[in-house]
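Dear colleague,

Please find below the structure I am handing over to you. My notes on its backbone and on the confidence of the prediction follow it.

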Amino acid sequence: MSRRVTRTVAAGLGAVVLLLAGALPAFAQATLEKINQSGTFVVGTRTGSPPFGFIDRNQNWVGFGVDLARLVHAAIEKRLGKTIKFELKETTPATRIPLITSGQVDLIAETMTITRSRMEQVDFGPVYFVTGAQFLVKKGSPITGVKSAAGKRVAVQQGSTNERILREQYPNIQLVVFPDQPAAFAALVQGRVDAYVNDGVQLAGLKAKAPNPGDWVITGEPISYEPYGLAMRENDSDFRDLVAFTLMEAIENGEYRKLYEKWMGEKGDVPYPLSETAETFLRMQVMPR
Amino acid sequence: MFRYDFDWSVLWQPPYGEWLLQGILTTLEISALAWVIALVLGCVAGAMRTVPSAVTRTIGAAYVEFFKNVPLLVWMFFWYFGAPQFLPLAVQDWLNRHGVAFVAAVVALGIYHGARFAEVIRAGIQSVPQGQFEAALSTGLGVAEAYRLILIPIALRLIIPPGTNETLNLLKNSSLALTISVAEITFQTRQIEAYTARGFEAITAGTLIYLVLCLVLAGVMSRVEKAVAIPGLIVRGSGPEG
């Protein structure tokens, strides 16, 4: 190799190091301190995941997750004693952990399942919602669960817990992995895949927003347990307490229930009744003062 | 205070190391196939834009402008979600079962970059002195033969540096195939990130792989350029170093 090539390689490696270095300083700061300095609270959520984070008919970015993040926002403003800008940024299962660890967002408020391997990278607030993975198929499809899905093409979202469960426990299902929900659903609509597996509530959301909800069936026993949590950077107990207390208070004073009804009640965007078990579970997470 | 402990072993631990290798292979396969399509389309459309016939020139220009000016991501979606709809159901079904995403990615990348190659090749043909074309015609060659035997062979030699740039762009743009479920390098780095939550390691690995692939390609092309240079015609490479 000539000297020119060596120089190019060195410059390239240097650039990589700089890229990493650029992402690192955010680690050195507590989240509340960072928010106080920047004057902005950046929340990562989805744009196509009703009812948690989505763009509604009036082009507003809204959702259950967004509303919970707004409660955290109010608590931050109260704590810091000043007005803080509330900013939303799009995250996907594949990008949310890098976005949070690199400091580009301060809180993930979307359909993020709490898992042990994720807990090694980020910290979670209390469980704020519970669901399980099911199949979304066209009406009349022979697929009614994991057994009948053997040999079929099944769309999943990259980075989701469902993808992992299907890959590891049901190797005879042909996985087709998409970076986001709209692409996975489009593949189902166009017939590129036979089914789409995601958390039941997200499928309910998709179905509710589809042009003809009656064309779609959510089927199969839940194949997973998906407890959702708000995620933040690791080892920042001050901020973690603030998020946890905000949620506990909301469950305690009925604010949570009000928001739940707004999004998932009978007249909500995505009707998905809160089961008694789930409600008891939520209440038991509220610690005494 | 926050600290990040790097754990590079996720890059070779099973099955992640294998995923990365598969990703590299897929990227190379898509890129190589798309490159062949792009080069052929580029030569045809590039040549069409330089011929005397106004109709032919317009057709060439229409192809280039239409495909070049729509984002590649849109083309990916079009060839994957849209285009197969126009095929008979049996064909669609067969495609669905036999890697329609891969084919769509190759076609999208090949046709899009064909339009971009066409511009490079057109510039190459136009930079061949007019006398060459006239001399070729005066030896009794037809226009098509003059292009095929004289103009395009010279132009392809002239455009190796900008052509290499386009090739590298094509290689890097192949990463967009992940949006339609093709498991290339970027897809696999994201997959590793999703399984291990080791984003920095995975993305760094992906970055270095693209960097190495591009540098190797550039190195090879620069040798090819020297090897096929026509003495006296191409002055590049005859500077102080050469």
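In chain B of this predicted model, the loop between α8 (160-173) and α9 (185-196) contains Ser181(B). The phi angle of Ser181(B) is near 80°, a positive value although the residue is not glycine. Ser181(B) counts as buried because 28 other C-beta atoms lie within 10 Å, where 20 or more are required.

A positive phi also occurs in chain A: Asn235(A), again a residue other than glycine, has a value near 55°. Asn235(A) belongs to the loop between β13 (226-233) and α9 (237-252) of chain A. With 11 other C-beta atoms within 10 Å, Asn235(A) is exposed, the limit for that class being 12 or fewer.

In chain B, Pro14(B) and Pro15(B) are joined by a cis bond with omega about -5°, and Pro15(B) is placed in the segment before α1 (16-48). Most residues other than glycine have a negative phi, and most peptide bonds are trans.

As to confidence, the predictor assigns the complex an ipTM of 0.81 and a pTM of 0.76. The average pLDDT of chain B is 90, and 95% of its residues score at least 70. Over residues 237-242 of chain B, however, pLDDT stays under 50, and the model has four contacts beyond four places in sequence for them. Where pLDDT is low, the predicted coordinates should not be read in detail.

Yours sincerely

Note on methods. Residues are numbered from 1 along each chain as its sequence is written. Chains are lettered from A and ligands numbered from 1 in the order in which they are written. This is a predicted model: local features need pLDDT of at least 70, side-chain atom pairs count only at pLDDT 80 or more; totals for chains, interfaces and linings use all residues. pLDDT is the predictor's confidence in each residue, from 0 to 100. Two residues are in contact if their C-beta atoms, placed from the backbone, lie within 7 Å. Helices (H or I, at least four residues) and strands (E, at least two) are DSSP runs, numbered from the N terminus.
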